[in-house]
Amino acid sequence: MSTAPTPPSSHQQPGPGSPTGPFPPPPPHPPRRGWFARQSESVRITIVGAVIAGVFSLGSAVLTAALTDRGDEPADAKASGQPSPTATTGTPAPTTTAPEPPSRVSSDAPSSPPQESGGSGDSPADESAPPADQAYEVSYDKQTMSLGLPPGSDLGTIDFDAPGTHRYTDDEWAALEEKADSGSPVEADLTYRQSFYGVLTLQNGRNAAQLQPTDPSEKAEDCARAARVGGFTEAKMHEWDLPAKTVFCVVTDKGNIARVVITGFIGGDSGATGEPPTQIGLRVTLWKPRA
C-alpha cells in the first residue's frame, strides 16, 4: 500500500534572526599573549637591551677570571681542598714559623725619642745636650752669683760648671777664642761686655732657653727639655727687656743643666740710653746627669 507524502506544514519555521530562533555561536577568543607581548614596544626594546648587556658583562667576567687565574691562590685556600694531616693520621702536624725579614724591626725594641733642634736655624742640637728623659742629680742648689760688666773693652764671664766668674781683657779673650778654634773650648758659659750696650752672650757649644717668670717649673727634666729646644743666644741689657725673675735653662759644654734666675740688677739706668746694669744678680741650680 502506498503512503502519500506528508504535506508541508503550514507553519513557517523560525529563521536565524527570529527572536525564537537559536543564538548564533560566540565569536572565537583571540589567542592568549604572554607578559612580554603585552608590553609596549619601548619597554620590550629596553628589556632586550638589558638582557644583551647582562650577557656581555657575564661573558667579560668569565673571560677575565679565565685569563687571570694562574694558580696563585693563597696558601690557606689551597689547603682547604686537601685533607689535613690531623684528619688522616690523628696527630697534629708540626708548624713552622717563617723567619722575619731582616728589615723588620721588632715591636718590643725600645724606640729612640725624636731629636729636637737646638737654637735657631736648621742645625741639630749640640752633641753635649743630654736626652730630655735623662735622670739627674743636684750638683749645687740655688747658689747666689753675680755677673759684672767691666768698663772699656774688657768682659766678664761666668762658668756654671765650676762655678765661678772671671774678668778678661780683650786680648786675653781673643787668645782663648783662638785656642777654641784648635779644639780647646772656652770654659765660660755666658759673657757680659760692651759698656754701652751690655751684651749678654751665650757661648758656642751651649744651648739655652729663655723662660718667662710664669714658667715656674724647677724640675731638672723640664729645664733640660726647654734647654734642648733652645732659642736664646744673646740680649742687649741696655734695653732692659729682661725683668727680674726671668729664667734661663742652659745646657753647659759639659752636658750639665743650669737653671739660672735673674734676681735683680745693680747700677745702670733703665730710663737712659746706653746705661745697662753694671751687675746682674743670679740664683743658679746645677744638675749633672746621673750615671
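Where does Pro277 lie? Pro277 is found in the loop between strand 9 and strand 10; helices (H or I, at least four residues) and strands (E, at least two) are DSSP runs, numbered from the N terminus. The model is predicted, so local features need pLDDT of at least 70 and side-chain atom pairs count only at pLDDT 80 or more, while totals for chains, interfaces and linings use all residues. Residues are numbered from 1 along each chain as its sequence is written, and side-chain values use heavy atoms, with hydrogens and water left out.

**View 1**
Pro277 has a relative accessibility of 0% and counts as buried (buried means under 20% relative accessible area, exposed over 50%, partly exposed in between; 1.4 Å probe, protein chains only). Leaving aside neighbours within four places in sequence, the contacts of Pro277 (heavy atoms within 4.5 Å) are Leu149, Tyr192, Met237, Trp240, Phe265, Ile266, Gly267 and Gly268. The C-alpha atoms of Pro277 and Gly148 are separated by 8.5 Å, although the two are 129 residues apart along the chain.

**View 1. His238 in its loop.**
The loop between strand 7 (234-236) and strand 8 holds His238. His238 is buried, at 15% relative accessibility. Not counting residues up to four places away in sequence, His238 touches Phe196, Tyr197, Gly274, Glu275 and Pro276.

**View 2. The largest nonpolar core.**
A nonpolar core is a set of buried Ala, Val, Leu, Ile, Met, Phe, Trp, Tyr and Cys residues joined through side-chain atoms within 4.5 Å. The largest has 24 residues, and those that touch the most other members are Phe160, Leu200, Phe232, Val250, Val260, Leu282 and Val284. Two or more residues each come from strand 1 (136-148), strand 4 (190-193), strand 5 (199-202), strand 8 (247-251), strand 9 (257-266) and strand 10 (279-289). Strand 10 gives the largest share, four residues. Beyond four places in sequence, Val250 has several contacts, including Phe160, Leu202, Ala227 and Val260.

The whole structure has one disulfide (a pair of cysteine sulfur atoms within 2.5 Å). Cys223 is joined to Cys249, with an S to S distance of 2.1 Å. Cys223 lies in helix 6 (residues 220-229) and Cys249 in strand 8, so the pair ties together parts that are 26 residues apart in sequence. The torsion about the S-S bond is about -115 degrees, so the disulfide is left-handed. Cys223 is buried, at 3% relative accessible area, and Cys249 is buried at 2%. Both cysteines belong to a second, separate core of 14 residues, which also includes Ala224 and Val251. The buried residues of helix 6 are Ala220, Cys223, Ala224, Ala226, Ala227 and Arg228. Among the elements that cover them are strand 1, strand 6 (207-211), strand 8, strand 9 and strand 10. Just after helix 6, Gly230 has a positive phi of about 75 degrees.

**View 3. The largest cavity.**
On a 1 Å grid over the protein atoms alone, a cavity is a set of points where a 1.4 Å probe fits but cannot get out, and lining residues have an atom within 4 Å of a point. The count comes to one cavity of 30 Å³ or more. The largest cavity holds about 50 Å³ of space, the volume being the space filled by probe spheres set on the points, which are joined across faces, edges and corners. Its lining consists of Leu147, Leu190, Leu200, Phe248, Val260, Ile262, Ile280 and Leu282. Strand 9 and strand 10 are the elements that give two or more residues to this lining.

How values were computed
On a 1 Å grid over the protein atoms alone, a cavity is a set of points where a 1.4 Å probe fits but cannot get out, and a pocket is an open set with protein on both sides within 12 Å along at least five of seven lines; lining residues have an atom within 4 Å of a point.
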